[in-house]
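Walk through this model one contact at a time.

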Amino acid sequence: TMAMVEDNKEVFVRQARERATKVLDAVQAMAAQAGVQCDTVTVSSDTPYQANVQTATERGCDLILMASHGRRGIKGFLLGSETNKVLTHSTIPVLVHR
């Protein structure tokens, strides 16, 4: 039913935010330990690449860092669709880490 779909979506969103908070808290702690200024922000969007580019632009970022899939061989040359979209649409330099 539609109520179950909404409940599942709410659970998914809550769990995704919890995971994002844990990861970002760990990154912020590592940056602080290294003496590097670090601000974190969590944004939800149906179009992640647009949210990445827009948030980086609004916050005056000078670099966007994204992970590739980390695959080896021929598949290693292919990037994820969201990473590819950010590369295509961003005027801010993008560093892709594998």
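Glu18 and Arg14 sit four residues apart in helix α1 (residues 2-33), about one turn of the helix. Helices here are DSSP runs of H or I with at least four residues, strands are E runs of at least two, and both are numbered from the N terminus. The model is predicted: local features need pLDDT of at least 70, side-chain atom pairs count only at pLDDT 80 or more, and totals for chains, interfaces and linings use all residues. Residues are numbered from 1 along each chain as its sequence is written, and side-chain values use heavy atoms, with hydrogens and water left out.

Side chains of opposite charge can pair when their charged atoms come close. Glu18 and Arg14 form a salt bridge, with the closest N and O atoms 3.5 Å apart. The term requires a side-chain nitrogen of Lys or Arg within 4 Å of a carboxyl oxygen of Asp or Glu. Glu18 is partly exposed, at 41% relative accessibility. Arg14 is partly exposed too, with a relative accessible area of 44%. That class lies between buried (under 20% relative accessible area) and exposed (over 50%), computed with a 1.4 Å probe on protein chains only.

How many salt bridges does a search of the whole structure find? The search finds two. The other joins Glu82 to Lys85, where the closest N and O atoms are 3.7 Å apart. These two residues are three apart in helix α3 (residues 81-89), so about one helical turn separates them. Glu82 is partly exposed at 26% relative accessibility. Lys85 is partly exposed at 33%.

Stay with α3. Helix α2 (residues 48-58) packs with α3 at an angle of about 45 degrees, and their axes are 8 Å apart. Axes are lines fitted to C-alpha atoms, for helices over the stretch in contact, and angles run from 0 to 180 degrees between N-to-C directions. α2 is therefore oblique to α3. Oblique is what remains once angles under 35 degrees count as roughly parallel, over 145 as roughly antiparallel, and 65 to 115 as roughly perpendicular. The α2 and α3 crossing is right-handed. In a right-handed crossing the near helix is turned clockwise from the far one by less than a right angle; anticlockwise makes it left-handed.

Which residues meet? Pro48, Tyr49, Asn52 and Val53 in α2 meet Glu82, Lys85, Val86 and His89 in α3. Contact means heavy atoms within 4.5 Å. The residues of this α2 contact with α3 divide into four nonpolar, two polar and two charged. Nonpolar covers Ala, Val, Leu, Ile, Met, Phe, Trp, Tyr, Cys and Pro; charged covers Asp, Glu, Lys and Arg; the others, Gly among them, are polar.

Now look at the buried side of α2. Its buried residues are Tyr49, Ala51, Val53, Thr55 and Ala56. Their cover includes β1 (64-67) and α3. Just after α2, Gly60 takes a positive phi of about 70 degrees.

Return to α1, where Leu24 is found. Leu24 is partly exposed, with a relative accessible area of 25%. Beyond its neighbours within four places in sequence, Leu24 is in contact with Thr40, Val41 and Thr42. Leu24 and Val41 lie 17 residues apart in sequence and 8.3 Å apart in space, C-alpha to C-alpha.

Finally, the whole chain. It has three helices and two strands, in the order α-α-β-α-β from the N terminus on. Buried residues make up 15% of the 98 residues. Of contacts between residues at least 6 apart in sequence, 52% join residues at least 24 apart.
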